[in-house]
Amino acid sequence: MLQLNHVSLTFNEGTMDEKKALRSTNLQLKSGDFLTVIGSNGAGKSTLMNVISGSLIPDTGDIIIGEKPVTHIQEYKRSRLIGRVFQDPMAGTAPSMTIAENLAMAWSRNKKRSLSIGVTKKRKDVFRDHLKTLNLGLEDRLSAKVGLLSGGERQALSLLMATFTQPQILLLDEHTAALDPSRAELITSITKDIVARFELTTLMVTHNMQQALDLGNRLIMMDKGQIILDVNSEDKKKLSVEKLLQEFQRIRGEKMASDKAILG
């Protein structure tokens, strides 16, 4: 479903601030894979997400979604294939529009463009059915402005908007990091349910190692723009946070930076 072949990207090349963000990165995901991505700050996790989504174009290499080469396809066109949820709950929704209007915009993402938002009675019924699965009572608040929702409610809505058209790839970019523990737990639970229900091919970046172990069927660890560890489903079940840190030290010959967010 997703292939990255020898993808490299350097920022500020030829200057004092040059940084190799991705180094000949290879990655293949089968349909339905749920991959969690960990690594310290600056490891290349967000850059990986950005080259897949099209917000960054790699210097070299190829990106293929399904059987479609997308390396040089603009981000807005690629968005028809990709759903994405960001760390900031404010980023994925339009606060001045209603819940129904936000859902209608998401609904039209992979359809022909038109001037009408298209909040019809039939679509409202569809939206209510999807909102009910969140168990937050939002199905009874279709006319409420999204800006009035809590951070957790907005992130749950963002997750629904990114997924209910069943994109080929779902990108979750530290989507629980800005929430308090109880809301983060809620969004994590909703994530598991939605990904399983729609059988979505998913990449989730997280700083929380325990979350990376609890979710998904595969895990990669990144450092300095490289994938240094790729763990399959069976081996992942045997891992702990302590063993992950030991693996980093074994591979790199040094301890991973002591970061509370990384340790979760």
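Student: Thr-98, buried or exposed?
Tutor: Thr-98 has 11% relative accessibility and therefore counts as buried. Buried means under 20% relative accessible area, exposed over 50%, and partly exposed in between, with a 1.4 Å probe and protein chains only. This is a predicted model, in which local features need pLDDT of at least 70 and side-chain atom pairs count only at pLDDT 80 or more, while totals for chains, interfaces and linings use all residues. Residues are numbered from 1 along each chain as its sequence is written, and side-chain values use heavy atoms, with hydrogens and water left out.

Student: Where does Thr-98 lie?
Tutor: Thr-98 lies in the loop between β6 (82-85) and α3. Helices (H or I, at least four residues) and strands (E, at least two) are DSSP runs, numbered from the N terminus.

Student: And what is Thr-98 in contact with, leaving aside its neighbours within four places in sequence?
Tutor: Leu-142, Ser-143, Ala-144, Lys-145 and Val-146 are in contact with Thr-98 once those neighbours are set aside. Contact means heavy atoms within 4.5 Å.

Student: On to α3. At what angle do α3 and α5 pack?
Tutor: Helix α3 (residues 99-107) packs with helix α5 (residues 151-163) at about 30 degrees, and their axes are 8 Å apart. The axes are lines fitted to C-alpha atoms, for helices over the stretch in contact, and angles run from 0 to 180 degrees between N-to-C directions. α3 and α5 are therefore roughly parallel to each other. Under 35 degrees counts as roughly parallel, over 145 as roughly antiparallel, 65 to 115 as roughly perpendicular, and the rest as oblique.

Student: Is that crossing of α3 and α5 left-handed or right-handed?
Tutor: The crossing of α3 and α5 is right-handed. Right-handed means that the near helix is turned clockwise from the far one by less than a right angle, left-handed that it is turned anticlockwise.

Student: Which residues meet there?
Tutor: From α3, Ile-99, Asn-102, Leu-103 and Ala-106 meet Leu-157, Leu-160 and Met-161 of α5. That contact has six nonpolar residues, one polar and no charged. Ala, Val, Leu, Ile, Met, Phe, Trp, Tyr, Cys and Pro count as nonpolar, Asp, Glu, Lys and Arg as charged, and the others, Gly among them, as polar.

Student: What about α3 and α4?
Tutor: α3 and helix α4 (residues 121-132) pack at about 95 degrees, with axes 10 Å apart. That angle makes α3 roughly perpendicular to α4. On the α3 side the contact is made by Ile-99, Ala-100, Leu-103, Ala-104 and Trp-107, and on the α4 side by Arg-123, Val-126, Phe-127 and Leu-131. By class, eight of these residues are nonpolar, none polar and one charged.

Student: Different topic. How many residues of α1 are buried?
Tutor: Eight of the nine residues of helix α1 (residues 45-53) are buried, so α1 is largely enclosed by the rest of the structure. Among them are Lys-45, Met-49 and Asn-50. Gly-54, with a positive phi near 100 degrees, follows α1.

Student: Which residue other than glycine has a phi near 50 degrees?
Tutor: Glu-199 has that positive value. Glu-199 is in the loop between α6 (181-198) and β8 (202-205), and at 62% relative accessibility it counts as exposed. Ser-24 also has a positive phi, near 40 degrees, and its place is in strand β2 (residues 19-29).

Student: Last one: how many helices and strands in the protein?
Tutor: The protein has 10 helices and 10 strands. Of its 264 residues, 48% count as buried.
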